[in-house]
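Q: I would like to learn how to read a structure feature by feature. Please take me through one.

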Amino acid sequence: VQLQASGGGLGQAGGSLRLSCVASGSVFSINAMGWYRQVLGKQRELVADITPGGTTNYADSVKGRFTISRDNAKNTVYLQMNSLKPEDTAVYYCYAQISPFLPGMYSDYWGEGTLVTVSS
C-alpha cells in the first residue's frame with residue numbers, strides 16, 4: 001500500500017493551493033483519510049480528516065479556509081486550501097486507515113509529505 005501526495009509548492013498569502021493524495025496497491029477498504037502538517041522543530045498536527053461517509057473534522061486554525069474531500073471510487077483525498085497564510089507553511093502529510101485484505105483490519109498509512117510554502 002502506498003500513499004502518493006501531490007500539489008504542494010509555493011503559494012502567496014491570500015491565495016489557494018490544492019493537495020491530492022491517492023492510495024494504491026492492495027487496498028480492500030479505507031476508513032478515515034486526512035492531512036497532517038509539520039513545521040521543523042514542532043510536532044505534527046492534524047489539519048483535517050474525513051470519514052468514508054463524508055463527516056469532516058478541522059483544526060481550528062484552518063476552519064473556514066481549508067476544505068477536505070474524498071473520492072472513494074478513486075481512493076483519493078483532497079485538501080483545498082484557500083486564504084493561505086504564511087503560518088500555513090509546513091510539510092503536509094496525508095494519511096489513511098487502510099485495510100489491505102480483510103474488512104475491518106485497518107492500519108495507518110502515511111504519504112511521504114509535500115512541502116507547502118506561503119509567501120507574504
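Q: Which residues have the most contacts inside the largest nonpolar core?
A: First, the ground rules. This is a predicted model, where local features need pLDDT of at least 70, side-chain atom pairs count only at pLDDT 80 or more, and totals for chains, interfaces and linings use all residues. Residues are numbered from 1 along each chain as its sequence is written, and side-chain values use heavy atoms, with hydrogens and water left out. Now the general idea: in soluble globular proteins, nonpolar side chains tend to be buried together. A nonpolar core is a set of buried Ala, Val, Leu, Ile, Met, Phe, Trp, Tyr and Cys residues joined through side-chain atoms within 4.5 Å. Buried means under 20% relative accessible area, exposed over 50%, partly exposed in between (1.4 Å probe, protein chains only). Here the largest core has 28 residues, and Trp35, Val47, Phe66, Ile68, Leu79, Met81 and Tyr92 have the most contacts inside it.

Q: Which elements give two or more residues to this core?
A: Strands are DSSP runs (E, at least two residues), numbered from the N terminus. The contributors are S1 (2–6), S3 (17–24), S4 (29–38), S5 (45–50), S7 (66–71), S8 (76–81), S9 and S11 (114–119). S9 supplies the largest share, five residues.

Q: What is the strand order in the open sheet of four strands?
A: Two strands pair if DSSP finds at least two bridges between them. The order is S1-S3-S8-S7, with antiparallel pairing. S1 and S7 are the edge strands, each pairing on one side only. From one strand to the next, the twist averages 15 degrees. Angles run from 0 to 180 degrees between N-to-C directions, on axes fitted to C-alpha atoms.

Q: How many bridges join S1 to S3?
A: Five, and the two strands run antiparallel. For a landmark, find Ser6, which stands opposite Ser20 in S3.

Q: How many salt bridges does the structure hold?
A: A salt bridge is a side-chain nitrogen of Lys or Arg within 4 Å of a carboxyl oxygen of Asp or Glu. The structure holds four. One of them joins Glu45 and Arg37 at 2.8 Å, N to O. Arg37 counts as buried because its relative accessibility is 7%. Glu45 is partly exposed, at 37%. Lys63 also bridges to Asp60, with the closest N and O atoms 3.1 Å apart. Asp60 is exposed, at 66%.

Q: Where do Asp88 and Arg65 sit in the chain?
A: Their side chains meet in a salt bridge of 2.8 Å, N to O. The pair links distant parts of the chain, 23 residues apart: Asp88 lies in the loop between S8 and S9, Arg65 in the loop between S6 (56–58) and S7. Asp88 is buried, with a relative accessible area of 0%. Arg65 is buried as well, at 10%. Salt bridges that share partners join Arg37, Glu45, Arg65 and Asp88 into one network.

Q: Which residues make the nonpolar surface patch?
A: Patches take residues with over 30% relative accessible area and no salt bridge; like charges are joined within 9 Å, nonpolar side chains (Val, Leu, Ile, Met, Phe, Trp, Tyr) within 5 Å. Areas come from the Shrake-Rupley method with a 1.4 Å probe, and for residues only the protein chains shown count as cover. Phe101, Leu102 and Met105 make a patch of about 370 Å². Phe101 is in the loop between S9 (90–99) and S10 (107–110). Its relative accessibility is 62%, so Phe101 counts as exposed.
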